[in-house]
Protein chains: 2
Amino acid sequence: NESFNQISPSEFFYRNRDLAGFSNPTRSIYTSVRELVENSLDACDQNRILPNIYVTIQPTQQQKSDPKHYILTVDDNGPGIDHNHIPLAFGTVLYGSKFGLNQARGMFGLGATMAILYGQITTNKPVRVNSSIDGSNRHEYEILLDIQKNKPIIIKHSITSTKKKGLSISICLEGDYSKAGSKIRDYIYQTSLITPYASIKFHDPKGNKYNYERITKFIPSSPTIIKPHPYGIDVETLRRMISDTSYKISNVDNLMIARIKNELKMRGDVHNNYVVMKQTIKKRWPYLSSQTKTILSILLCLKLNFNQLVKIKIESIDIARNTLTYWNYEKSKSFVTQLNISSFYYKHLANEFKGDTLETFLTKQFQRVGRHTAEKFTEFAHFRPGKRIMLMTNQELVHLSDSLQKFSEFLSPDPSCLAPLGENLLEKGIAKFFNPDFVSVVQRKASAYSGFPFIVEMGVAYGGSIVNGIKLYRFANRIPLLYDESSDVVFKVINDIDWNRYKIKNESPLVIISHICSTRIPYKTVGKENVADRNEIERELKLALQFLSRKLSSYMSKKGKAAMEKKR
Amino acid sequence: NESFNQISPSEFFYRNRDLAGFSNPTRSIYTSVRELVENSLDACDQNRILPNIYVTIQPTQQQKSDPKHYILTVDDNGPGIDHNHIPLAFGTVLYGSKFGLNQARGMFGLGATMAILYGQITTNKPVRVNSSIDGSNRHEYEILLDIQKNKPIIIKHSITSTKKKGLSISICLEGDYSKAGSKIRDYIYQTSLITPYASIKFHDPKGNKYNYERITKFIPSSPTIIKPHPYGIDVETLRRMISDTSYKISNVDNLMIARIKNELKMRGDVHNNYVVMKQTIKKRWPYLSSQTKTILSILLCLKLNFNQLVKIKIESIDIARNTLTYWNYEKSKSFVTQLNISSFYYKHLANEFKGDTLETFLTKQFQRVGRHTAEKFTEFAHFRPGKRIMLMTNQELVHLSDSLQKFSEFLSPDPSCLAPLGENLLEKGIAKFFNPDFVSVVQRKASAYSGFPFIVEMGVAYGGSIVNGIKLYRFANRIPLLYDESSDVVFKVINDIDWNRYKIKNESPLVIISHICSTRIPYKTVGKENVADRNEIERELKLALQFLSRKLSSYMSKKGKAAMEKKR
Ligand SMILES: Nc1ncnc2c1ncn2[C@@H]1O[C@H](COP(=O)(O)OP(=O)(O)OP(=O)(O)O)[C@@H](O)[C@H]1O
Ligand SMILES: Nc1ncnc2c1ncn2[C@@H]1O[C@H](COP(=O)(O)OP(=O)(O)OP(=O)(O)O)[C@@H](O)[C@H]1O
Ligand SMILES: [Mg+2]
Ligand SMILES: [Mg+2]
C-alpha cells in the first residue's frame, strides 16, 4: 500500500537544495561564486599554474530591483577540461576528479552542477562552458541538466580557435546582489589573502572593478597523493584495502594452457593421463612461474584435466572454510567444492590466497609504518605474528579497526599531502591585514582522524587598527568560511575558553584566525560552510588556542604593567 | 590527465557521513535513535495506528567504558513493511516511500540506511529487521550493505509465526552513551510531549526503564496528499507538470487499426484507396472517438495508409515548429516531417497537442485555484486569455514562474495536508510541562514557499517554575530539534528581537516554543537538526513572535504595575 521509489542523486539535491546552500537568491548567488572560484583554484593548484581568475556578475536587466536575473561568469587560465569530460563533469551530480586522497577544495563532485541546476530552475537557460586544454582549440558547450536522470543534455557544441588555455563558465541565475554583494566581496578579498599567489579580478553589477593582484609568484608544491594514515581507519575501509590486495584469479583460456604446457615441456596429449601429468608437475615444480603453479594447484585439487579446466571459471577461494567456488559454463551454475587440506597443492593455494601477513599489510597500505612499528602494533593488538589478513574473521577485523584507533605509537602523518600556509606567511598576512599591536601564530604538527591527515594553524591579533569586538576568521583548505559560524567546531572551541582569565572581554579588539587543512575536511553541510566537531580536530584546535592564549596573556599582563608604570 | 569517477549515493554518504549527523559515537547513537523512532511514528501516523514504540539500548559488554558497542533496537506496532521491499528500503540510499506531497517526518529516503551503514562500518555486524504486515507471518532478515553499489546483501531470511503486526529493527553500532544519554532522554521525552497519542518505552544501558504513556487516544487525521500551492513554484516543477499533462501519443498496432476500421465502418481493403479513405473519414468524423480522430489526423497529415502506419512509432509533435518526429522501425532511425498547417487535420492535431489553456492548467494542477482566480492571474501576468501551455516558450515559462511568485491574490493553502498541534493542545502542553505564570500561543494561517504549504505555531511562557535564562524549544513536523540551534532560522528570528523593549533580560525565566509543519521542511542538514532561512518561513516566524511578544509585554507591564502597587 505504500509506493516505494528510488530517486537519483540530482533529483535528491534538486528537492533539497537547501542542503547545498541554495536556499534563497542571496545565498545562492554567493554559493555559486564560491563553487566556481574554488574549481578554478583547484585546477590551477593541481597543475602548478599561477591562477588568474576573472569573476563577473552582470544583471540581465539593469533597472529592475533585486532579486533578479544575473549572468555569473568565472574565467580561469587553468588546464581546462578535456571536451569529452565536460558534459559529465558539469551535468552529473557525484561526478568529478577529486575523490582521491589529496588536499583540494572540492570533494563532493557536485558543486558546479548545483550552481548550474539552480540557474536552470530559476531562469531555464543552459550553462555555457568554454574550455581549451591546448591553447589552440576551444570547445564551446551549451548544456541543460536532465535532473531526474542525473545526466547532461547537450544543446550546442562547437569548436573555435583560441590562444589561451583554461576554462570559462557562465551561468544565468536569479540572485539578490543587494544582499549578497558584501559577502561576495568579502569572500573574494579573503580568498586573495589566503592564496597570495593568485590574481583575482571581480567586475560587479554596479560597474565597480576590484583587482587583487598576486603578491608572490611562489606556488606551494601541489599536495601529493599519499597512502592513508592508520589512525581511525574504519572497518569498511579495511575490508576494501584487504580485498584490493587479495590475489586475483586469472581466467584460464587456451592461450594460458599452451603457455603452461610449454613450461611443463609436455609433449602432445600426454597431459590427458592424470598420473603422468601429476608426475611431470612434481618434477618441474621448482622451475614453474608462480601463475602456472597456482593454476596447476587448482587443477590437481579439483582433479581435472586441461580440457575440463577451460570449461569452468574459478570464482573464489575461501581459505578460512577450505572451499573453492567455480562457475561451470556448460551447466550455467556455480559449484562449491571442499578441498583436501592435507594436499601439498592445497597448501600452496592457501599460501597464495591467505594474503599478506598483518605486518606486511600495515607497511604496504599505510604511510609511515615500518617493520618495527608494524610488529609493535601486532603485539599491542594481541594478534599472533604472521597472522594472515585474508584469514581474519569479522570479529578480528573489528578488533583490528579498534586497535588502530587505540595504538598511540604510530608516527604523526606525513604532511607532504597537505598544503598549509605556514607560520611565516600566516603571521605576515595577519600583520599586513589587521595592523595589530600583538600577533602570535602557531602551526600544530600533522595529526589524523579516520585515516585522513590534517594540520591546524591558528593566529591571534590584538589592538592596533583592530576594532572592538572579538572577531573570528575561519578557513579550511584555503577557503574562507563566511556562514554558519556558530555551528562550526572552531567557534565551539573558542567559546569553551574562559577569556576573562586573559583579561579579554566581549568588546576587546581581538581577532582569531583558524585554518584547517586536510585530505578531507569533515564539513557539516554540502555547502561547505562549517566544520563538524570530530574529536581529533577539536583537540588540536584546543591545544593551538591554549598556546596562543598563553602568549596573549603574557602580552596583556606586560601591557597592564606598562600602563601601571605610566600612571605613576 | 585527471581521472574522473562517478560515485554512488551510498558511497557519497559513507565518505561524508558528517553530513547526515554521524560524525562521532556520541552524535551517531543519538541520530540513530532519532531516525528509527521517526520511521516508526511516520508508519503509525500514515495508518492511523496509536503508536506503541519500544526503544532499547544495550551494551554488548557491560564493563567496558565508552565509546563502545551497543545494540539499539526499536520495535513498533505499525503496519510493518512488505517483505519484498525490506532489503531495498533499508539497504538502499535515496529509496523510500515518503517522496510524495504530504507531511511526514521522513523525506530523504536514507535515514535508516545511514544508521545501518554506521553500524556496519563500526561493528561489521548485519542489521536485523523483523516485520509482520498481517499479524501471523513474520519475516526475519539479516542484511549487510554493499556501500559502493548502493544495494543490500541479504545474509539471512526466514519466516516465523507471530501474533502482532509491526516492525522491529536492531543495529549493533559504536556509541558513547555516557555523553549522548541525556540528549537521547530529552529527545524521547520531548517526542512524547509533542505526540501525546504515542506511547514510548525506553530501556537504557544502565537498566533504567522510562515509560511515557499516551495521554490521549485521539489521533489527528493523517495528512492528505494534496496538489501543490502555486506560490513559489520553480521552472523545473512547472516543466514537469506541463509534460505530465501533455497528450500521450499511443502506439498504433493492429488491434487499434481494427478498432478504428470498426468505427469507420470500413469494409475489406477499401482503406488502401487513399481518396476513398479520406472521404470516409470526413463523413464519419463527428461520430469518431477522440483517440481515433488523433490517429487518423496523423495518418492523413503524413499521407500514409494503415499498413505503413504500424511500421512507424510517433515520437513527438512540436506545435511551435509544426513538425512531427517519428521512428521508422524498418530503417531504425528517426524522421522529422514538416506538417501542412492549413490542413483541417493538422489543426485538429495542434488542438490536441497544444495542451490546456493556462487557466485550465492552473485550476487542474494547483490547490484552491478556481476559474476566477486563474483568469485574474492570467491578466496580472500579461498572458492573453486562452494561452496554450504546450506553446509556451522558455522565456514565457520563466515569466510564468516569476509571476506565480509575485501574484498576491492566491488563497492561502489548504491546511488539510498539514498536521499542526493546534493552539489548544500547544497551550495545554506548555502549561503542563513548564507550570508558568504566563502562557500565550498562536497558530499562523497556512502559508507557502516553493509550492509547499506550511504552518507556523509558537508559544511563550514566563515565570512560575521556569528557571532563569531564555530557553528555546524547536520542533518541525512533530520532531524535537536538539542540535545546531544557533544556525536555525527560529534562533535568527528570536535574536533579531530587541527583548529589552519587553523588559526581558538574558536571565529572565522565559521559554519560547516553535513548531513548523510543512509538506517539506527546508532542513539545512541531512541530519534534520536545523531549518534554513527561507524568506516566507522567516516572515511567518517573525509575525508570530511579534504577536506573542506584545502579549508578553502587556503581561510584563501589568506585572510591573502590580509590583509598584505592592510597594506602596
Ligand atoms: N575551472 C575548472 N578547470 C578544470 N576542471 C574543472 C573546473 N571546474 C570543474 N572542473 C572539473 O569538474 C569536476 C566537477 O566539478 P564540481 O564542482 O561539480 O565537483 P568537485 O569540484 O569535484 O567537488 P565539489 O562538489 O566539492 O565542488 C571537478 O572535479 C573538476 O575535475
Ligand atoms: N518502522 C517502519 N515501519 C514501516 N515502514 C518503515 C519503517 N521504517 C522504515 N520504513 C520504510 O522504509 C523507508 C526508508 O526509510 P528511511 O528512514 O531510510 O527513509 P525515509 O524515512 O523515507 O526518509 P528519511 O531519510 O528522511 O528518514 C521509509 O520510506 C518507509 O517506507
Ligand atoms: Mg567544485
Ligand atoms: Mg526515515
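Biologist: What makes you place Ser440(A) in strand 14 of chain A?

Modeller: Strand 14 of chain A covers residues 438-443, and Ser440(A) is found in that run, strands being DSSP runs of E with at least two residues, and helices runs of H or I with at least four, numbered from the N terminus. This is a predicted model, in which local features need pLDDT of at least 70 and side-chain atom pairs pLDDT 80 or more, whereas totals for chains, interfaces and linings use all residues. Residues are numbered from 1 along each chain as its sequence is written, chains are lettered from A and ligands numbered from 1 in the order in which they are written, and side-chain values use heavy atoms, without hydrogens and water.

Biologist: Why is Ser440(A) called buried?

Modeller: Its relative accessibility is 7%, and buried means under 20%, exposed over 50% and partly exposed in between (1.4 Å probe, protein chains only), so Ser440(A) counts as buried.

Biologist: How do you know what relation superposes chain A on chain B?

Modeller: A rotation of 180° with 0.0 Å of shift along its axis superposes them at RMSD 0.1 Å, by least squares on the C-alpha atoms of residues with pLDDT of at least 70 in both; that is the relation of a two-fold axis.

Biologist: What makes Lys98(B) a polar contact of ligand 2?

Modeller: A polar side-chain atom of Lys98(B) lies 2.8 Å from an oxygen atom of ligand 2, and a polar contact is a pair of N or O atoms within 3.5 Å. Ligand 2 itself lies between chains A and B.

Key:
A residue is near a molecule or strand if one of its heavy atoms lies within 4 Å of it. A polar contact is a pair of N or O atoms within 3.5 Å; within protein, one must be able to donate a hydrogen and the other to accept it, and residues adjacent in sequence count only if both atoms are side-chain atoms.
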